[in-house]
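Here are some notes to go with your first look at this one.

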Amino acid sequence: MAYQLKENFKMFTLNSNRTLAEEMAKLLGCELGKCTVNKFSDGEIQIGIDESVRGRDVFVVQSTAYPVNDNILELLIMIDALKRASAGKINVVMPYYGYGRQDRKARSREPITARLVANLLEAAGATRILTLDLHTPQLQGFFDIPVEHLVGVPIITQYFEQKGLEDIVIVAPHHGSIGRARKMANLLHAPIALIDKRGPDNNAPEFLSVIGNVEEKNAIIIDDLIDTGITIALAAKALAENGAKSIYAGCTHPVFTADSIQRIESSPIKELVVTNTIEVPDVKLTEKIKIISVAPLLVEAIDRIHNEKAVSPLFE
């Protein structure tokens with residue numbers, strides 16, 4: 001598909017996910033803007049924009065995954081540089097929104113860091129946010145600027161649809177993922193099930209139960225992200241113990257910290273489907289993990305924003 005970009009269009013990327021940004025630029029038929037990211041000897045970040053952006057409609061691609069703090073600061077400094085260089089609009093494309101899990105006060109004296117990051121992005125000068133699968137959709141309310149919140153479930157669903165599985169059940173690995181599971185279940189015309197965890201620690205519950213029928217079913221676990229892999233591995237184990245015929249899993253954001261890959265490899269999961277919102281190092285890739293690209297979805301959204309067309313068809 002040929003996209004119509006105006007003369008004032010510019011797209012830049014920083015260090016977090018250059019591969020995704022290059023794929024997006026290729027689909028759009030444009031070159032990535034020229035900028036440099038350096039560090040002083042003490043780790044202080046220095047950014048230089050090597051071409052004019054005055055009056056331009058600028059898009060900056062940056063996921064805020066590991067190293068989260070460096071990537072967020074890179075983004076904030078880039079936004080400030082663009083603002084001071086008189087960019088017309090500064091559209092921030094964050095395929096993965098770091099700190100999104102700290103979205104409420106679960107205990108006394110806790111910060112709401114997801115709101116703090118939103119405030120920082122606005123204070124730096126961002127005029128719009130384009131992101132994918134926030135930990136909770138309510139995070140959009142932390143911003144006073146437009147937020148385009150895309151969802152990854154249809155992309156992952158399409159992949160499983162093409163596998164031609166029968167007797168499917170969609171599984172939410174925790175209560176927070178019920179909405180996501182219901183959306184996939186509606187698309188596949190399948191029932192849903194829920195893993196109910198009880199205990200003092202969500203990552204190491206004392207009791208696991210499966211709500212719903214999974215016996216002799218092809219179970220698909222769906223979540224927004226996988227971090228340590230504990231939740232998804234426990235869910236898969238519970239499904240196997242309750243008679244599931246085969247177990248698949250999907251998530252949008254492959255955070256993959258600590259021993260997550262080993263846990264996934266040793267779990268009953270047959271295949272794990274993730275997207276490239278976060279760049280997965282080669283050392284973490286295994287035969288179980290399948291990566292699908294969100295570049296076409298993000299590019300379609302960028303084209304609609306740039307040409308002032310409705311973005312809502314992409315997430316309805």
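**Notes on ring pairs and salt bridges**

1. Let's begin with Tyr-97, which is buried at a relative accessible area of 5%. Keep in mind that this is a predicted model. Phe-143 is buried too, with a relative accessible area of 8%.

2. How many aromatic pairs are there? The count comes to four. In one of them, the ring centres of Phe-9 and Phe-59 sit 5.4 Å apart with the planes at 35°, so this pair is tilted. Phe-9 belongs to strand β1 (residues 9-13) and Phe-59 to strand β4 (residues 57-61), so the pair ties together parts 50 residues apart in sequence. Both Phe-9 and Phe-59 are buried.

3. Back to Tyr-97 and Phe-143: their ring centres are 6.0 Å apart and their planes meet at 70°, and since over 60 degrees counts as edge-to-face, that is what this pair is. Tyr-97 is in the loop between β5 (89-94) and α3 (113-124), while Phe-143 is in the loop between β6 (128-132) and β7 (147-150), so the pair links parts that are 46 residues apart in sequence.

4. Also have a look at Tyr-159, Phe-160 and Tyr-248, which ring pairs link into a cluster.

5. Is Lys-10 buried or exposed? With 18% relative accessibility, Lys-10 counts as buried, because the cut-off is under 20%. Setting aside neighbours within four places in sequence, Lys-10 has contacts that include Glu-51, Asp-57 and Phe-59.

6. Salt bridges next: a search of the whole structure turns up eleven. One of them joins the side chains of Asp-227 and Arg-101, at 2.7 Å from N to O. Asp-227 is in the loop between β11 (218-226) and α6 (230-241), and Arg-101 is in the loop between β5 and α3, so the pair ties together parts 126 residues apart in sequence. Arg-101 counts as partly exposed, at 37% relative accessibility.

7. Asp-103 and Arg-104 form a salt bridge as well, 2.9 Å from N to O. Asp-103 is buried at 12% relative accessibility, whereas Arg-104 is exposed, its relative accessible area being 51%.

8. Last up is the salt bridge between Lys-163 and Glu-271, whose closest N and O atoms are 3.0 Å apart. Lys-163 lies in helix α4 (residues 153-163) and Glu-271 in strand β13 (residues 271-275), so this pair connects parts that are 108 residues apart in sequence. Lys-163 counts as partly exposed at 35% relative accessibility, and Glu-271 as buried at 15%.

Conventions:
Residues are numbered from 1 along each chain as its sequence is written. This is a predicted model: local features need pLDDT of at least 70, side-chain atom pairs count only at pLDDT 80 or more; totals for chains, interfaces and linings use all residues. Side-chain values use heavy atoms; hydrogens and water are left out. Rings of Phe, Tyr and Trp (its six-membered ring) pair if their centres lie within 6.5 Å; planes under 30 degrees apart count as stacked, over 60 as edge-to-face and the rest as tilted. Helices (H or I, at least four residues) and strands (E, at least two) are DSSP runs, numbered from the N terminus. Buried means under 20% relative accessible area, exposed over 50%, partly exposed in between (1.4 Å probe, protein chains only). Contact means heavy atoms within 4.5 Å. A salt bridge is a side-chain nitrogen of Lys or Arg within 4 Å of a carboxyl oxygen of Asp or Glu.
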